[in-house]
Amino acid sequence: MPSTETSHAPNHGWPRNPGMDLDLAWVAEQRVNLSAGERRIASLSGRRTVKKDAQAAWLLKALTCIDLTTLNGDDTAGRVKRLCAKAANPVRPDILEAIGMADRRITTGAVCVYHRFVATAVEALDGTGIPVAAVSTGFPAGLSPHDTKLREIEASVADGAREIDIVITREHVLTANWTALYDEMRDYRAACGDAHVKAILATGDLKTLRNVARASLVCMMAGADFIKTSTGKEGVNATPLVTLVMLRMIREYEERTGIKIGYKPAGGISTAKDVLNYQFLMKDELGREWLEPDLFRIGASSLLADIERQLEHHATGAYSSFQRHPIG
Ligand SMILES: O=C[C@H](O)COP(=O)(O)O
């Protein structure tokens, strides 16, 4: 059960990934055994349940890992300010009181917006310690000119973004041009300066799990601090199977380099049950450390409402069916 001791805004003293030279042989040797992966995911089902007394702790921990997101064409400064207010006070005080957490300061991990709203969000979050993450580099397709993408990153950092979610050029992966992907990511890393960088792979566009594994590895070699599944705009976004592949690449990268890389599933994650599944997979594959916001974020626009609802049920004792649902 995760402790709630660290249920606060993430520690931005966490080290950045320095990256390493591109190792094409290491990239080439990556293979994914699809049926073994599917069996692993299937085996999670029914293996675990969330204990009633531990549930609030798990959900609060998940909440501190949310990159609370609005990425819509009709976003306005007003919507972003309301989102920031929710990020700073994500759970109603009476619920926190009822579950014995009234003395904890609980916030989401970050607020995630388009570049246009970075300054608005930074101002709205002033004094909360909550970082702003900007989706830069021509999100979501990432097909703007390379220099334009670098300028966008620099502008987001100048406006106060402490985290940048970049999107890779999927063509580099689909054509196995690993050098181009590495160089692109290297440039993004440099443009971020002191900001942390999350590499969005858009896994739903990458055709094969092997491509997902290889792209994960190349982005980590080039200095990504996090690897993230999706923009939320692809046809298929975060899935348990893609997660398994990416987590295993994070594990392999740590085994080889000693550097811990974070993971961010994003897109379509909207229920407490979904997020508990991700938490158990993270803990099983990488260990307890990866349940903290320094190494785990969940990109989500609508998850918070369900977590709050489940905490409310917890507070009133009106336990919902998911509490007895097997984790998997
Ligand atoms: O990065 C975050 C995603 O765009 C959020 O996707 P969602 O709106 O499906 O939760």
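What follows is a walk through this structure, from the whole chain to its strands, a helix and the ligand shell.

This is a predicted model: local features need pLDDT of at least 70, side-chain atom pairs count only at pLDDT 80 or more, and totals for chains, interfaces and linings use all residues. Residues are numbered from 1 along each chain as its sequence is written.

Start with the whole chain. It has 13 helices and eight strands. These are DSSP runs numbered from the N terminus, with helices being H or I of at least four residues and strands being E of at least two. Buried residues make up 50% of the 328 residues. Buried means that 20 or more other C-beta atoms lie within 10 Å of the residue's own; exposed means 12 or fewer, partly exposed is in between, and C-beta atoms are placed from the backbone. Of the contacts between residues at least 6 apart in sequence, 79% join residues at least 24 apart. A contact needs two C-beta atoms, placed from the backbone, within 7 Å.

Now take the strands. Strand 1 (residues 66–69) pairs with strand 2 in the parallel sense, over three bridges. Pairing requires that DSSP finds at least two bridges between two strands. Threonine 69 has cysteine 112 of strand 2 as its bridge partner. Strand 2 is mostly covered, with four of its five residues buried. Strand 2 (residues 110–114) also runs parallel to strand 3, joined by four bridges. There, valine 113 is partnered by alanine 134 of strand 3.

Strand 3 (residues 132–135) is covered on both faces. In a regular strand the side chains alternate between the two faces of the sheet. Val132 and Ala134 are buried on one side, and Ala133 and Val135 are buried on the other. Three bridges join strand 3 to strand 4 (residues 163–167), again in parallel. Valine 135 stands opposite aspartate 165 in strand 4.

Strand 2, helix 6 (residues 118–124) and strand 3 form a right-handed β-α-β unit. Right-handed means that, with the strands pointing away from the viewer, the path from the first strand over the helix to the second runs clockwise. Threonine 128 sits in the loop between helix 6 and strand 3. Threonine 128 is partly exposed because 17 other C-beta atoms lie within 10 Å. Threonine 128 and alanine 88 are 40 residues apart in sequence, yet 6.6 Å apart in space, C-alpha to C-alpha.

Next comes helix 11 (residues 240–257). Its 18 residues reach 25 Å from first C-alpha to last, close to the expected 26 Å. The expected span is 1.5 Å times one less than the number of residues. Its buried residues include Val242, Leu244, Met246 and Tyr253. The buried residues of helix 11 pack against helix 2, helix 10, strand 6, strand 7 and helix 12. Just after helix 11, glycine 258 takes a positive phi of about 80°.

Finish at the ligand. Of the 13 residues around it, Gly232, Ala266, Gly299, Ala300 and Ser301 come nearest. A residue counts as near if its C-beta atom, placed from the backbone, lies within 6 Å. The shell holds five nonpolar residues, eight polar and no charged. Ala, Val, Leu, Ile, Met, Phe, Trp, Tyr, Cys and Pro count as nonpolar, Asp, Glu, Lys and Arg as charged, and the others, Gly among them, as polar.
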